[in-house]
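Here is a friendly walk through one model, with the cut-offs spelled out along the way. Please have a look at the sequence and structure first.

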Amino acid sequence: LDDGHTYAYQKNEFLRIQYTCQLSPGSITVTSKLQNAAYKPWWTTAELAIYNAPNAPKSIRVGDQTLTDLRYNPQSHSITVTVPDALKDWSLQVTY
């Protein structure tokens, strides 16, 4: 991600984030790792959608923080949650 207007990306002024996902019985963990944070975007949170959830989550945690603002759709088996302070490395764990 860059400003979309200038050639600042040629001077390494961009944002690159690597996302990974790990499944285990009864949980899923999504991890975000900043690889280049030279560009500061306008947003500070990230909305995460998880599909094929077997049922409503028992808990969702980012680090030590329990997130309560989530949406579960039983028809599409999806969970949508907003990750606060997403411009740093984070790990979100959903348990079923």
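## Aromatic pairs

Tyrosine 19 has 46% relative accessibility, so it counts as partly exposed (buried is under 20% relative accessible area, exposed over 50%, partly exposed in between, with a 1.4 Å probe and protein chains only). This is a predicted model: local features need pLDDT of at least 70, side-chain atom pairs count only at pLDDT 80 or more, and totals for chains, interfaces and linings use all residues. Residues are numbered from 1 along each chain as its sequence is written, and side-chain values use heavy atoms, leaving out hydrogens and water.

How many aromatic pairs does a search of the whole structure find? There are 2, where rings of Phe, Tyr and Trp (its six-membered ring) pair if their centres lie within 6.5 Å, with planes under 30 degrees apart stacked, over 60 edge-to-face and the rest tilted. Tyrosine 7 and tyrosine 9 form a tilted pair, 6.3 Å centre to centre with 45 degrees between the planes. Tyrosine 7 is exposed at 59% relative accessibility, while tyrosine 9 is partly exposed at 36%.

The rings of tyrosine 19 and tryptophan 90 are also tilted, with centres 6.3 Å apart and planes at 55 degrees. Tyrosine 19 lies in strand 1 (residues 15-24) and tryptophan 90 in strand 8 (residues 90-95), so this pair ties together parts 71 residues apart in sequence. Tryptophan 90 is buried, at 6% relative accessibility.

## The open sheet

Strands (DSSP runs of E, at least two residues, numbered from the N terminus) pair if DSSP finds at least two bridges between them. Here, 3 strands form an open antiparallel sheet in the order 3-7-6. Strand 3 (46-50) and strand 6 (70-73) each have a single partner strand, so one side of each is left without a neighbour in the sheet.

Strand 6 and strand 7 (residues 78-83) pair over 4 bridges in the antiparallel sense.
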